[in-house]
Amino acid sequence: MSLFDHKLSDLHELLHKKEVKVSDLVEESYKRIGQVDSQVQAFLTLDEEKARSTAKKLDEKLGTDESKGLLFGMPIGIKDNIVTRDLRTTCASKILENFDPIYDATVVQKLQQAETITIGKLNMDEFAMGSSTENSGFKKTKNPWNLDTVPGGSSGGSAAAVAAGEVPFSLGSDTGGSIRQPASFCGVVGLKPTYGRVSRFGLVAFASSLDQIGPVTRTVEDNAYLLQAISGLDPMDSTSANVEVPNFVQALTGDVKGLKIAVPKEYLGEGVNEEVKQSVLASLKVLESLGATWEEVSLPHSKYALATYYLLSSSEASANLARFDGVRYGYRTPNADNLMDLYKNTRAEGFGDEVKRRIMLGTFALSSGYYDAYYKKAQKVRTLIKKDFEDVFEKYDVIVGPTTPTPAFKIGEKTSDPLTMYMNDILTIPVNLAGVPGISVPCGLSNGLPLGLQIIGKHFDESTVYRVAHAFEQATDFHKQKPQL
Amino acid sequence: MSRISTDQVKHVANLARLSITEDEAQNFTKHLDAIITFAEQLNELDTDNVEPTSHVLDMKNVMREDVPKEGLPREDVLKNAPDHVDGQIRVPSIIE
């Protein structure tokens, strides 16, 4: 049995009673990483020296008032597109291979206030562009449930590290499904908060109108604790929302009597694997037995979400990634006699194929003569997709469906054709376009690979999303299943 | 019919400040053409009277007081610069 089989509130209790020290938690983490990370390859950088010295300092505070916070002393992994001062942050890109940030992201500052301990930085698809973590410039993370399959992406390292028991929880980021899809593939809990709930300051921007940082955990309760710690208005991010942050853990009542669930027919339609469908229908039965009701609804513009997403996210990315020019930080080409060649060759040598493809698509969609036909058109369709959700939420409390159309696929299976890879995200992308919160919780196994149930809520109603996810989790055993490594 | 030509791809690569080889230009033409063709399904929708969404939350300009603050220390800013001299970032000469 691993210490990390305990949920955070139990670990907190063990620390409080001094049955376990913070140093024990940190050693547990590095021990497990030593045992399994050569196979799983979730981490890009470890911060052992600092983690150990911080643990020693925190151990001296054990038992005092200063150790009362629930996250005190908990080891955490952080996706490598969230900047950490003096701790290498690469976005899994060669262009940032030697980049040591000079400040901490707001979420990292908040974690420091809560006195968590950063174990290391987690692998991802380069600049968060991908659905399998195969686009990392450094290594391919494996799914702990089956090392021949992908962990999902782009937060593949964040999900695989939690599933493999290397850390009890982690942070990921989600632009089109990048927390929920790997959480689903790896059998863990992953939430994309409402756009604006969590500050993006210090998250290396991919698509600024879609990106959100969110928690990856083993249980819904742990997830709520972590979101609590990182939420809130931030003067450094003008898109962070000035709304009250409720007590998320208090929402975990287990009571879903009278809850109205909408199940979009488009989410159980063509392209969705039969076993995935069956596990969602079985999950709905569980929620029914707890007193909820469900009805089929339509989100009629769902089929347009993927095209809308690729136009908008790539356009935003092409602007955001313009900053990587070899001048102020990051890789600089040795092959340039003038400034223009310095830009062009630095970027050609520093970026991977998928990143280049999206920069090209975005530049095209924003270029003179095509802006109205592609970029502006996609922005208008985004309005229609958002309205689909608003219409359904007039009558229903949550939307429920699968997180992904299939379980985890084989490494290399979908790398040759970008469109096939993009299809993975058809059920998660609309949620980012609408800006609403969505969670993935384990809901079954198919040939030994986890499946995820997606629960989507209204803007800033993570509380209801958590309440439903928690009630479902407590009524089932799926979250207790662990990969054999 | 092809939606995008290799010449257009080279033009876009120049706008994006990416040097590309002839092979890459061919490849990008193929991939971008497939993605753009896929994206044209959006034309099935009549969006004449639809407002574009650039931001999902109902937010207006976010203002704050204009208070001067200390900037970043120079050594921090230069720490990651690939080439710097006398406290300044160096690039190839830009004036002939």
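Me: A pocket is an open set of grid points with protein on both sides within 12 Å along at least five of seven lines. What volume does the second largest pocket have here?

Reply: The model is a predicted one. In it, the second largest pocket has a volume of about 470 Å³. Its lining comprises 19 residues, and those closest to the centre are E266(A), E270(A), K303(A), M423(A) and I426(A). Sorted by class, this lining holds 9 nonpolar, 6 polar and 4 charged residues.

Me: How much space lies in the largest pocket, and which residues lie nearest its centre?

Reply: The largest pocket holds about 570 Å³. Its lining has 22 residues; V83(A), F99(A), Y103(A), R323(A) and Y329(A) are the ones nearest the centre. The lining splits into 15 nonpolar, 2 polar and 5 charged residues.

Me: And cavities: how many are there of 30 Å³ or more?

Reply: A cavity differs in that the probe fits but cannot get out. The count is 3 cavities of 30 Å³ or more, and the largest cavity contains about 80 Å³ of space. That cavity is lined by 13 residues, with G130(A), G176(A), S178(A), Y309(A) and D425(A) nearest its centre. By class, its lining has 4 nonpolar, 7 polar and 2 charged residues.

Me: Now the sheet. In what order do the 11 strands come?

Reply: Strands of a sheet pair through backbone hydrogen bonds, in either the parallel or the antiparallel sense. In chain A the order is β1-β3-β2-β4-β6-β5-β10-β11-β9-β7-β8, an open sheet with mixed pairing. Its edges are β1 (43–46) and β8 (293–297) of chain A, each of which pairs on one side only. On average, neighbouring strands are turned by 30° against each other, with direction ignored.

Me: In which sense do β7 and β8 of chain A pair, parallel or antiparallel?

Reply: Parallel: β7 (residues 260–264) of chain A is joined to β8(A) over 5 bridges. Within this pair, P264(A) lies opposite V297(A) of β8(A).

Me: Which helix packs on the sheet, touching β2, β4 and β6 of chain A?

Reply: That is α4 (residues 106–113) of chain A, whose direction makes about 175° with that of β2(A). The strands it touches are β2 (75–79), β4 (169–174) and β6 (212–217) of chain A. Helix α7 (residues 220–230) of chain A also lies across strands, namely β2, β4, β5 (189–192), β6 and β10 (438–446) of chain A. Its direction is at about 145° to β6(A).

Me: How many residues of α7(A) are buried?

Reply: Buried means under 20% relative accessible area. An α-helix has 3.6 residues a turn, so residues three or four places apart point the same way. In α7(A), 8 of 11 residues are buried, and the helix is mostly covered. The buried ones are V220(A), E221(A), D222(A), N223(A), A224(A), L226(A), L227(A) and I230(A). G232(A), which follows the helix, has a positive phi near 125°.

Me: Which residues of β5(A) are on one side and which on the other?

Reply: Side chains in a regular strand alternate between the two faces of the sheet. In β5(A), V189(A) and L191(A) are on one side, with G190(A) and K192(A) on the other. All of these are buried, and both faces of the strand are covered.

Me: What joins β5(A) to β6(A) and to β10(A)?

Reply: The strand runs antiparallel to β6(A), with 2 bridges, and antiparallel to β10(A), with 3 bridges. V189(A) stands opposite T217(A) of β6(A), while L191(A) has I439(A) of β10(A) as its bridge partner.

Key:
Residues are numbered from 1 along each chain as its sequence is written. Chains are lettered from A and ligands numbered from 1 in the order in which they are written. This is a predicted model: local features need pLDDT of at least 70, side-chain atom pairs count only at pLDDT 80 or more; totals for chains, interfaces and linings use all residues. Side-chain values use heavy atoms; hydrogens and water are left out. Two strands pair if DSSP finds at least two bridges between them. Helices (H or I, at least four residues) and strands (E, at least two) are DSSP runs, numbered from the N terminus. Axes are lines fitted to C-alpha atoms, for helices over the stretch in contact, and angles run from 0 to 180 degrees between N-to-C directions. Contact means heavy atoms within 4.5 Å. On a 1 Å grid over the protein atoms alone, a cavity is a set of points where a 1.4 Å probe fits but cannot get out, and a pocket is an open set with protein on both sides within 12 Å along at least five of seven lines; lining residues have an atom within 4 Å of a point. Grid points are joined across faces, edges and corners, and a volume is the space filled by probe spheres set on the points. Ala, Val, Leu, Ile, Met, Phe, Trp, Tyr, Cys and Pro count as nonpolar, Asp, Glu, Lys and Arg as charged, and the others, Gly among them, as polar. Buried means under 20% relative accessible area, exposed over 50%, partly exposed in between (1.4 Å probe, protein chains only).
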